[in-house]
Amino acid sequence: MATLLNNLTNSLIETRQRYAMLKDNGIDSMSTIYPAIPWNAELYYHLLATLPKEIDRLEQRIMK
């Protein structure tokens, strides 16, 4: 159980960091965060829209 909690916590931290980088540095941060993935503006805006939901989901799983 401790390993699951640790993994969820690490995922939450990493997801928050990715979201902050995207917000703070704009679309240019895509190549830093996801170097192996071809990116475009559509993907960037999709991530900006969905990462907060993922953060909420991880927070709720950690609290359970």
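**The core and what surrounds it**

Trainee: Which residues make up the largest nonpolar core?
Mentor: This is a predicted model, to be clear. Its largest nonpolar core has 12 residues: Leu8, Leu12, Tyr19, Leu22, Met30, Ile33, Tyr34, Tyr44, Leu47, Leu51, Ile55 and Leu58.

Trainee: Which elements give two or more residues to this core?
Mentor: H1, helix H2 (30–33) and helix H3 (41–63). H3 supplies the largest share, 5 residues.

Trainee: Why would such side chains group like that?
Mentor: In soluble globular proteins, nonpolar side chains tend to be buried together.

Trainee: What does Leu8 touch, leaving out residues up to four places away in sequence?
Mentor: Leu58, Arg61 and Ile62.

Trainee: Back up a bit. What's the overall secondary structure?
Mentor: There are 3 helices and 0 strands. From the N terminus, the order is α-α-α. The C-alpha trace spans about 40 × 20 × 20 Å along its principal axes.

Trainee: How much of the protein counts as buried?
Mentor: 23% of the 64 residues. The accessible surface is about 4700 Å², and carbon and sulfur atoms hold 56% of that.

Trainee: And contacts between residues 24 or more positions apart, what share do they take?
Mentor: They make up 54% of the contacts with a separation of 6 or more.

Trainee: New topic, threonine 15. Where is it found?
Mentor: In helix H1, which covers residues 2–25.

Trainee: Is threonine 15 buried or exposed?
Mentor: Buried, because its relative accessibility is 3% and the cut-off is under 20%.

Trainee: What does its side chain reach at 2.7 Å?
Mentor: The side chain of threonine 15 reaches the backbone oxygen of serine 11. Beyond four places in sequence, threonine 15 touches Leu51, Glu54, Ile55 and Leu58. Leu51, Ile55 and Leu58 are among the residues of the core we listed.

Trainee: What about proline 52, which helix is that in?
Mentor: H3. At 25% relative accessibility, proline 52 counts as partly exposed.

Trainee: Last one, charges. How many positive and negative side chains?
Mentor: 7 positive and 7 negative. The centres of the two sets lie 9 Å apart.

How values were computed: Residues numbered from 1 in each chain as written. Predicted model: local features only at pLDDT ≥ 70, side-chain atom pairs only at ≥ 80, totals over all residues. Heavy atoms only, no water. Helix = DSSP H or I, 4+ residues; strand = E, 2+ residues; numbered from the N terminus. Buried < 20%, exposed > 50% of the residue type's maximum accessible area, 1.4 Å probe, protein only. Polar contact = N/O pair within 3.5 Å; in protein donor to acceptor, adjacent residues only side chain to side chain. Contact = heavy atoms within 4.5 Å. Core = buried A, V, L, I, M, F, W, Y, C linked by side-chain atoms within 4.5 Å. Areas by Shrake-Rupley, 256 points an atom, 1.4 Å probe, with all protein chains shown as cover. Lys, Arg positive; Asp, Glu negative; His and termini not counted. Charge placed at Lys NZ, Arg CZ, Asp CG, Glu CD.
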